[in-house]
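Please keep the sequence and the structure in view while reading.

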Amino acid sequence: MSSYRKIDILTRVEGHGSVELIRDGGRVVDACLHLSESPRLFEALLIGRRFDEIPDIACRICSICSTVHKVSALQAVEQALAVSISRQTGLLRELAVQGGQIESHALHVFCLALPDYLGVNGIQGLAAHELEKLQLGLRIKKLGNLIQETIGGRAIHPFNLIVGGVGEVPGSEKMQHLKDQLAGVRDDVTASIAYVSGLNDILPPLSMHPACAVSGGPPLFGNCLVTSTETIAANSAAAWLDEQVEASTHAKVSRFGGKAPFLVGPLARLTLAMPAAYAHYFTDTSIRSATKARVIELQLAVERAQLLVDLLLNDGLEKEQPVVAIAAQGEGTSVMEAPRGVLLHSYRFDDRGVCRAADIITPTSINQGAIALSLKELIVAMDGAEYEQIRAAAEILVRCYDPCISCAVH
Amino acid sequence: MKKLRVAIAGLTACSGCQLSLLNCEDELPRMLELFEFHYFPMASSPALMEGEYDAVLVEGCLSMPHEKELLQELRRRSRYLVALGTCAVCGGVAALRNGEEREQLRQSVYGENQVASETYEPLPLHRVVQVDAAVTGCPPEKEELLRLLAGLARGVLPVAIDYPVCTECRMRENLCLLTERSALCLGPLTLGGCSARCPSLGVPCEGCRGPVPEANLAEALEIYAEKGFDKATVRDRLRRFCPEWKL
């Protein structure tokens, strides 16, 4: 190999990574993804901390995904300590997670990905040339944050979600406000689907990876992983994903016991359980359709959130104290869907309720194998193209996976 | 009017401080009129530093060799350098086991493999460069961020907050979680400015904004002891966001 050059920093993604393009003479012959974010060593930070501290610390893994990290950690802790939460707490958490889904997808589609389709540099370019589209996305994003704030007390690192329940139950006035805002955003979401599904593809079609998603609960929740052929129980999921340390990345890589890498995230969720109404948008299910999958999921999230708000309003939003958790020895594993795909939190506690083992597996680390294969395929598909074209396409391709590198490395 | 040139960079962190800025959905279009976010890899391409900046906002702590170089480069190019968020100001969550053997922590995650062996114990920005202003919090408050930007647009830096979370908590007439409910609330020792966000919903302050200047640690420890919290418990809780607490 005569020379290589890195895409210095991947931009318009969360966290720090790069793509290395390997050249042989004038030709780009290979591409490698490096997730070079500095590890904060979360699994080590959590050891020695009491059970009630775990969700508060673990949610700091990532800001965009902080609500789902919080809920996932809470579920694992509560399972370990045999705490049963109320129906109301369950509904509130589910609603908060849908809020996170809405915020994350709107951020990605309208602030991070859209500039690729429109040929502008990012939010600054959007504000200058496509202000209405940026504002359309920001209105949806704001609603996602409003949901997270109403339930979690804050859009990022939601402190009001605690072991056994919530700090303060949001009142029916606040819930009614959410109901109105959700109804108000429906037209924006419909317009987004029409707009995004009409954008011209900017990448060649690439092979589809086998899909994997969480199943067995309400949307985004569950107790197992499913693929088109297998069902894997939550407590076997870590072994099935089979994370290994590799030299080129700070994020552990899922090896799936030597099988071909799986895709997790919006496109995987939809291809495994496609609602009939949206099937016609996905005649092409290669990764370039992921942006479309995100706007469809925006619709699904808003619909689900409306249903949850109605259930909570009908139930009456009772003030309630969190269920008291008693320190005890135990283990718990939660699997759920973060905006970018399968998220696993698993903890073991000693008889004083102190954390003795922690394992966190995140969607972007799982997707590394799929991204690597897509990059190699892109290089072949673009053989003969100018270096700068390949470089730009490689970055857009990685962005289709909406990587969250703070999560991946943690 | 000439737009102010601003750089926004993230080091070792969760991107929450940068996201807090992007979460100003109503203000963002106006912000993009007033400022040129020239270097802002999370939201703009390419990641290319060029020329001088009126201000640079830096999220995160330092834990990798190249981060120090990046920070020094940003410092050289900028009139003001603002530490954005608790990681940048105090070290933050990533630093909560500072003082322990880093290699052992690394190995507990990566095993014998040498992956990430060049990383080091997280440091706040002021240990490496001069910091002109700080907006603390995990995450920072949106209003504080907007005040910072509004100030920068007028050429001034924000006035540093010097009162604890308790001050705002009392103004909101909240029940005191420490004295009335015997909860380990860090409000007395933690920098205010958040309108006592957590205690107002009955959730004890976890100290996410770092220490208030001239915190009366001795007196607080006495109250915590009366409520049944030993020194080690209080220390661990305080160090969740700031390893520099000495007790």
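A salt bridge is a side-chain nitrogen of Lys or Arg within 4 Å of a carboxyl oxygen of Asp or Glu. The model is predicted, so local features need pLDDT of at least 70 and side-chain atom pairs count only at pLDDT 80 or more, whereas totals for chains, interfaces and linings use all residues. Residues are numbered from 1 along each chain as its sequence is written, chains are lettered from A and ligands numbered from 1 in the order in which they are written, and side-chain values use heavy atoms, with hydrogens and water left out.

**Salt bridges**

- Over all chains, the count comes to 42 salt bridges.
- One of them joins the side chains of Arg12(A) and Asp116(A), with an N to O distance of 3.1 Å.
- Arg12(A) lies in the loop between β1 (3-7) and β2 (18-24) of chain A, and Asp116(A) in helix α4 (residues 87-118) of chain A, so this pair links distant parts of the chain, 104 residues apart. Helices (H or I, at least four residues) and strands (E, at least two) are DSSP runs, numbered from the N terminus.
- Arg12(A) counts as buried at 4% relative accessibility, and Asp116(A) counts as buried at 15%. Buried means under 20% relative accessible area, exposed over 50%, and partly exposed in between (1.4 Å probe, protein chains only).
- Arg399(A) and Glu395(A) also meet in a salt bridge, at 2.9 Å from N to O. Both residues belong to helix α12 (residues 387-400) of chain A, four residues apart, about one turn of the helix.
- Arg399(A) is buried at 2% relative accessibility, and Glu395(A) is buried at 10%.
- In chain B, Arg127(B) forms a salt bridge with Glu244(B), the closest N and O atoms being 3.9 Å apart. Arg127(B) lies in the loop between α5 (102-110) and β5 (133-135) of chain B and Glu244(B) in the segment after α9 (231-238) of chain B, so the pair ties together parts that are 117 residues apart in sequence.
- Arg127(B) is exposed at 53% relative accessibility, while Glu244(B) is partly exposed at 36%.
- A network of salt bridges links Arg49(A), Glu53(A), Asp56(A), Arg60(A), Lys70(A), Glu206(B), Arg237(B) and Arg240(B).

**The sheet of chain B**

- Strands of a sheet pair through backbone hydrogen bonds, either parallel or antiparallel.
- In chain B, five strands form an open sheet in the order β2-β1-β3-β4-β5, with parallel pairing; two strands pair if DSSP finds at least two bridges between them.
- The edge strands are β2 (35-39) and β5 of chain B, each of which pairs on one side only.
- Strand β1 (residues 4-10) and strand β3 (residues 53-59) of chain B pair in the parallel sense over five bridges. Val6(B) stands opposite Ala55(B) in β3(B).
- Helix α3 (residues 65-77) of chain B packs on the sheet, touching β1, β2, β3 and β4 (78-84) of chain B; contact means heavy atoms within 4.5 Å.
- Helix α6 (residues 142-154) of chain B also packs on the sheet, touching β1, β2, β3, β4 and β5 of chain B.

Technical notes
Axes fitted to C-alpha atoms, helices over the stretch in contact; angles between N-to-C directions.
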